[in-house]
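Hi,

Here is the structure I said I'd pass on. Have a look, and my notes on the charged pairs follow below.

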Amino acid sequence: MALTETVIKDMTEAMKSQDKFALSVLRMLKSSLQMEKINLKHNLSDEEATTVIKRQVKQRKDSINEYEKYNKQEEVANLNREIEVLSKYLPAEISEEEINKTLDIIFDELKPESMKDMGRVMKEATSRLGAGADGSLVSKLVKERLNK
């Protein structure tokens, strides 16, 4: 079953079980998936749907950082619950250790010399690691290696 179909099925389940919180999160997600479908002018593949979900999670994490600055714990708790609901639809994250192993291989092959090579390294890393890796973590690790 496609990821978008799973979201719709789970939304129906949330309606039946009267889980208003999960239902509202899933409705927002469905809306985002629909917008992406309209923008791309075709049905979303699972990888494209995963990208949309990751974007939603990232927005919530950014909001958490802002709310924590102003000590708004109730909003932080709600956003964490939303992230929990959304995370069910994401593949397991690749660990930092696995990312580093892949980066070792990439650095051996490409032999980057400075920050000018960042784009080349990131392009290769994203193609090898795919959607399972946190892009900001990969970027941070590549920058650290290039600045040595």
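Let's start with Glu 66 and Lys 69, whose side chains form a salt bridge at 3.2 Å, N to O (a salt bridge being a side-chain nitrogen of Lys or Arg within 4 Å of a carboxyl oxygen of Asp or Glu). Both sit in helix α3 (residues 46-69), and because they are three residues apart there, about one helical turn separates them. Helices here are DSSP runs (H or I, at least four residues), numbered from the N terminus. Glu 66 is partly exposed at 40% relative accessibility, while Lys 69 is exposed at 60%. For those words, buried is under 20% relative accessible area, exposed is over 50% and partly exposed is in between, with a 1.4 Å probe and protein chains only.

A quick caveat: this is a predicted model, so local features need pLDDT of at least 70 and side-chain atom pairs count only at pLDDT 80 or more, whereas totals for chains, interfaces and linings use all residues. Residues are numbered from 1 along each chain as its sequence is written, and side-chain values use heavy atoms, leaving out hydrogens and water.

Next, Glu 109 and Arg 128 make a salt bridge at 2.3 Å, N to O. Glu 109 is in helix α5 (residues 96-110) and Arg 128 in helix α6 (residues 118-129), so the pair ties together parts 19 residues apart in sequence. Glu 109 is partly exposed at 49%, as is Arg 128 at 35%. Together with Glu 124, these two belong to a salt-bridge network.

The whole structure has 10 salt bridges.

Cheers

Notes
Helix = DSSP H or I, 4+ residues; strand = E, 2+ residues; numbered from the N terminus.
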